[in-house]
Amino acid sequence: MNRPSARNALGNVFLLEALAQLREDRQVRVLIFRSGVKGVFCAGADLKEREQMSEAEVGVFVQRLRGLMNEIAAFPAPTIAAMDGFALGGGLELALACDLRVAASSAVMGLIETTRGLLPGAGGTQRLPRCLGVALAKELIFTGRRLSGAQAQALGLVNHAVAQNEEGNAAYHRARALAQEILPQAPTAVRLGKVAIDRGTEVDIASGMAIEGICYAQNIPTRDRLEGMAAFREKRPPRFVGE
């Protein structure tokens with residue numbers, strides 16, 4: 001993301017086309033969302049742009065943002081949000097749509113819509129409770145509270161918080177290190193594991209176990225499963241190819 005004049009505000013949904021292209025690329029094993037603007041991850045919706053819209057246009061705009069977040073959440077490979085600065089409103093909703101979140105300890109994040117006469121409309125009311133639990137999510141949304149990266153980690157909102165560096169990209173470097181841990185693993189197994197978790201957490205545990213079984217069965221005929229067993233037997237690192 002690189003809109004310095006608007007602090008990476010979510011105006012035109014410029015990520016959709018890129019996501020569509022990356023979704024079809026089987027070579028993509030991890031996708032990192034980062035900012036090209038120092039001090040800002042994403043400042044949320046572009047309120048100056050929205051102020052010029054009619055009520056009908058606002059509804060369409062927010063629906064498109066919601067669709068963008070759903071596309072991010074449904075991306076087949078693991079996704080990581082690297083928050084090196086402000087992640088407010090829609091910016092935090094974007095991070096919540098990712099599988100994993102890394103933040104600079106000095107980053108500032110929050111669903112602050114109620115302080116602007118709004119409520120979260122791009123998934124925040126649904127993904128924050130699933131991340132933190134209902135009571136804490138309500139407290140954060142009702143108050144519009146802002147959290148530092150360190151506070152967010154303590155609550156479980158982010159996976160890792162790191163001290164910011166002079167370049168202002170410490171979270172991005174930690175996200176890359178996390179991605180490097182994922183890259184050597186079997187791509188198909190990782191993707192199916194994501195499906196099993198995402199779909200399983202939306203249903204009762206019996207249905208979730210059935211979903212896990214379906215995903216496991218899909219992995220059985222893969223070359224990577226055979227490679228993993230062969231590598232274990234031969235005491236060597238596996239060479240997974242995503243097939």
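Residues are numbered from 1 along each chain as its sequence is written, and side-chain values use heavy atoms, with hydrogens and water left out. Because the model is predicted, local features need pLDDT of at least 70 and side-chain atom pairs count only at pLDDT 80 or more, whereas totals for chains, interfaces and linings use all residues.

In soluble globular proteins, nonpolar side chains tend to be buried together. The largest nonpolar core here has 39 residues; such a core is a set of buried Ala, Val, Leu, Ile, Met, Phe, Trp, Tyr and Cys residues joined through side-chain atoms within 4.5 Å. Buried means under 20% relative accessible area, exposed over 50%, and partly exposed in between, for a 1.4 Å probe and protein chains only. Phe33, Phe41, Ile72, Met109, Leu128 and Leu157 have the most contacts inside this core. Helix 3 (residues 55–73) gives the most to the core, with six residues; helices (H or I, at least four residues) and strands (E, at least two) are DSSP runs numbered from the N terminus. A second, separate core of 10 residues includes Ile80, Val102, Leu178 and Ala179.

Beyond its neighbours within four places in sequence, Leu128 is in contact (heavy atoms within 4.5 Å) with Leu96, Leu111, Gly133, Ala137, Leu140, Ile141 and Leu157.

The sheet is open and consists of four strands in the order 2-4-6-7, with mixed pairing; two strands pair if DSSP finds at least two bridges between them. Strand 2 (40–42) and strand 7 (147–148) stand at the edges, each with a single partner strand, so one side of each has no neighbour in the sheet. Strand 2 pairs with strand 4 (residues 86–88) in the parallel sense over two bridges, and Ala87 in strand 4 is the bridge partner of Cys42. Helix 4 (residues 90–97) packs on the sheet, touching strand 2, strand 4 and strand 6 (108–110), and its direction makes about 90° with that of strand 4.

Helix 9 (residues 187–200) and helix 10 (residues 205–219) pack at an angle of about 165°, with their axes 9 Å apart. Axes are lines fitted to C-alpha atoms, for helices over the stretch in contact, and angles run from 0 to 180 degrees between N-to-C directions. The two helices are therefore roughly antiparallel, a term for angles over 145 degrees. Among the residues that meet are Leu192 and Val195 in helix 9 and Ile211 and Cys215 in helix 10.

Definitions and conventions: Parallel < 35°, antiparallel > 145°, perpendicular 65-115°, else oblique.
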